[in-house]
Amino acid sequence: MPVSKLNFMSIISTNNLSKEYPSKSFSKEKILALNNFSFEVESGEIFGILGPNGAGKTTLIKILLGITHRTKGDIKIFDKDIADESYKMKVGYLPENHKFPNYLTGEQTLMFFGKLSGMNSKDADARTAEYLKLVDMEKWKKTKIKKYSKGMLQRLGLAQSMMNNPELIFLDEPTDGVDPIGRKEIRDILINLKSSGKTIFLNSHLLSEVELICDRVAILNKGVLVKTGRVEDITAVTNDYKFMTSDLDENTLNLLLSKYKAVIKSRNEFLYNSPDTEEMNKMIDFLRGNNILIQSIVREKDTLENMFINLIEKQN
Ligand SMILES: Nc1ncnc2c1ncn2[C@@H]1O[C@H](COP(=O)(O)OP(=O)(O)OP(=O)(O)O)[C@@H](O)[C@H]1O
Ligand SMILES: [Mg+2]
């Protein structure tokens, strides 16, 4: 077996997966929520499915979990067709818009899910303590969850998805509705889980989030796989260069604006769109000729968000 195969075992793979829902009214056509979708998730990675509302992200997770059935196509999880349900012992799931009974405390909720997955009280107790700690919810464990913020509920949800110590965790919009600090906390938990060897599959429409933590992503639109790859490979470099310089005088600023069409950010920062190396060097000569010190020149990368919007707009 080649070395790459050993290092990057495929944990999930689909081949020409399609899902058709019946139409909502007689006159309408069936809804093709997934259309010949083929992809792979490798062991130990954080994989993100991105897509606008209605793209088919939740449908995909539900099919992978056996909650909804495929119309056609092959699906393997841990190298076996999902018709063999034994894989379910090794997966965790945080549903979209989950609702736990709000009269339970955080601790009672985790105990409930622990027992639901077949643990005895002692094991469920130990896991509850371990995961409350991991998601930093120990101090809230005796508080009823009706008092929890959205961020706390999502952290508890993450702990719930791990109660059976799964190898593979499915998270449907784990940071939806959570404020920036809460999102950072969730990202840290996911990075922590990844470093303990878990594989994480998540759905999101928060692209900046995904960019920060996912190793690879797939972009889904209207059930079709539009693009897949490593985040750094699919966000192309641009011809925009960010210059950091010593203070620019009025004359230089005016020339930068009129002659070089630069975008001035401040007295010592501007963006310049350089068509080629020759023009870039002319810009450097111009600045140096005016006794400007160049502190740095950084080529800007397109954000995942820009790339995503361009791709989806092209498709619509
Ligand atoms: N049970 C169902 N019956 C009929 N149509 C459905 C059903 N569930 C989803 N759909 C349709 O399938 C398509 C994909 O929906 P899905 O919920 O998978 O999208 P999503 O990418 O998760 O969207 P969101 O970002 O809003 O969560 C949509 O057109 C939706 O209306
Ligand atoms: Mg969804």
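Visitor: How far apart do the C-alpha centres of domain 1 and domain 2 lie?

Guide: This is a predicted model. The chain is divided into domain 1, made of residues 3-104 and 163-234, and domain 2, residues 238-302. The distance between the C-alpha centres of these two domains is 43 Å.

Visitor: Are α3 and α4 oblique or roughly parallel to each other?

Guide: Helix α3 covers residues 106-116 and helix α4 residues 121-134, and their axes lie 9 Å apart at an angle of about 130°. Angles under 35 degrees count as roughly parallel, over 145 as roughly antiparallel and 65 to 115 as roughly perpendicular, the rest being oblique. The relation of α3 to α4 is therefore oblique.

Visitor: Into which classes do the residues of the contact of α3 with α4 divide?

Guide: On the α3 side the contact is made by G106, E107, L110, M111, G114 and K115, and on the α4 side by A124, R127, T128, Y131 and L132. By class, these contact residues are five nonpolar, three polar and three charged.

Visitor: Which element gives the most to the shell around ligand 1?

Guide: Ligand 1 is surrounded by 13 residues, the closest being Y21, N53, K57, T58 and T59. Two or more residues of the shell come from each of β2 (31-42) and α2 (57-64). The element that gives the most, with three residues, is α2.

Note on methods: Residues numbered from 1 in each chain as written. Chains lettered and ligands numbered in written order. Predicted model: local features only at pLDDT ≥ 70, side-chain atom pairs only at ≥ 80, totals over all residues. Domains from an automatic or database assignment. Axes fitted to C-alpha atoms, helices over the stretch in contact; angles between N-to-C directions. Helix = DSSP H or I, 4+ residues; strand = E, 2+ residues; numbered from the N terminus. Contact = placed C-beta atoms within 7 Å. Nonpolar A, V, L, I, M, F, W, Y, C, P; charged D, E, K, R; others polar. Near = placed C-beta within 6 Å.
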